[in-house]
Amino acid sequence: MDKIEILKRLQEEHKIIRNNITLANQRVNDLAVMSAASAIGVGMVFSSNGSLQGKPEKSQKAIDYIYDGLNRHFAFEEEYLPPLIEPAIMQGLKAEHEVIRAKLEKARSALTDIRMDSLKEEQILSWKNDIWHIMNSIYWTIERHASKEETILREMQKAMEENKTSGVF
Ligand SMILES: [Fe+2]
Ligand SMILES: [Fe+2]
């Protein structure tokens, strides 16, 4: 795969990731709000027996979807970027990949480990707020990481174009 193909693929994947993380963020927060409202009996009841079965599962699916997509993207970057960028910068990007993975795992366990029936109302509301904060933090960490990479990619592209006009390639 040549440099241009790598750059194009990464730019395309970033568009998809940005879109997916926005959707996952909304979905997880909506489901958390519904689960909390249902658990404390506010507004709507979501099943005849008041069961919350299935909702945290749906949120986990949204997280897993993002997690799998990001892991494939990170693996691609970690394989194809090292020959193209400075090792210290690559180390920094890899460290950020780990931070993002850890945050997604934290979100997953916040959704998986919850047992609504054993919680008081204020604990349920605080769980819902925690989910919001965790998802918000994931969103901005990915956004900052992607922006940083895009700056690097733009510089690579510029250097390639300059080299082309100066006859290096
Ligand atoms: Fe990355
Ligand atoms: Fe990336």
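Select helix 4 (121–165) and display its buried residues, which pack against helix 1 and helix 3. Helices are DSSP runs of H or I with at least four residues, strands are E runs of at least two, and both are numbered from the N terminus. A residue is buried if 20 or more other C-beta atoms lie within 10 Å of its own, exposed if 12 or fewer, and partly exposed in between, with C-beta atoms placed from the backbone. The buried residues of helix 4 are Ile124, Trp127, Ile131, Ile134, Met135, Ile138, Ile142 and His145. An α-helix has 3.6 residues a turn, so residues three or four places apart point the same way.

This is a predicted model, in which local features need pLDDT of at least 70 and side-chain atom pairs count only at pLDDT 80 or more, while totals for chains, interfaces and linings use all residues. Residues are numbered from 1 along each chain as its sequence is written, and chains are lettered from A and ligands numbered from 1 in the order in which they are written.

**The whole chain**

Of its 169 residues, 18% are buried. Two residues are in contact if their C-beta atoms, placed from the backbone, lie within 7 Å. Among contacts between residues at least 6 apart in sequence, 79% join residues at least 24 apart.

Next, colour by pLDDT, the predictor's confidence in each residue, from 0 to 100. The chain averages 87, and 89% of the residues score at least 70. Confidence is lowest in helix 2 (residues 55–80), with a mean of 90, and highest in helix 3 (residues 87–112), at 95. Then select residues 44–53: pLDDT stays under 50 there, and the model has 11 contacts beyond four places in sequence for this segment.

**Helix lengths**

The expected span is 1.5 Å times one less than the number of residues. Helix 4 has 45 residues and reaches 66 Å, close to the 66 Å expected. Helix 1 (residues 3–39) has 37 residues and reaches 52 Å, close to the expected 54 Å. For the 26 residues of helix 3, the end C-alpha atoms are 37 Å apart, which agrees with the 38 Å they should span.

**The core**

Now select Val28, Ile63, Ile66, Ala107 and Ile131, the residues with the most contacts inside the largest nonpolar core, which has 23 residues. Helix 1, helix 2, helix 3 and helix 4 each give two or more residues to this core. A nonpolar core is a set of buried Ala, Val, Leu, Ile, Met, Phe, Trp, Tyr and Cys residues joined through C-beta atoms within 7 Å.

Centre the view on Ala107, one of the buried residues of helix 3, with Leu104, Ala110 and Leu111. Leaving aside residues up to four places away in sequence, Ala107 touches Ile63, Ile134, Met135 and Ile138. Continue to helix 1, whose buried residues include Leu10, Ile21, Ala24, Val28 and Leu31.

**Three partly exposed residues**

Select His14 in helix 1. His14 is partly exposed, because 18 other C-beta atoms lie within 10 Å. Beyond its neighbours within four places in sequence, His14 is in contact with Ala146 and Glu150. His14 and His73 are 59 residues apart in sequence and 8.8 Å apart, C-alpha to C-alpha.

Move to Asp64 in helix 2. Asp64 counts as partly exposed because it has 13 C-beta neighbours inside 10 Å. From Asp64 to Ala24 the C-alpha distance is 9.8 Å, across 40 residues in sequence.

Finish at Ile89 in helix 3. Ile89 has 14 C-beta neighbours inside 10 Å and therefore counts as partly exposed. Ile89 and Glu149 are 60 residues apart in sequence, with 9.9 Å between their C-alpha atoms.
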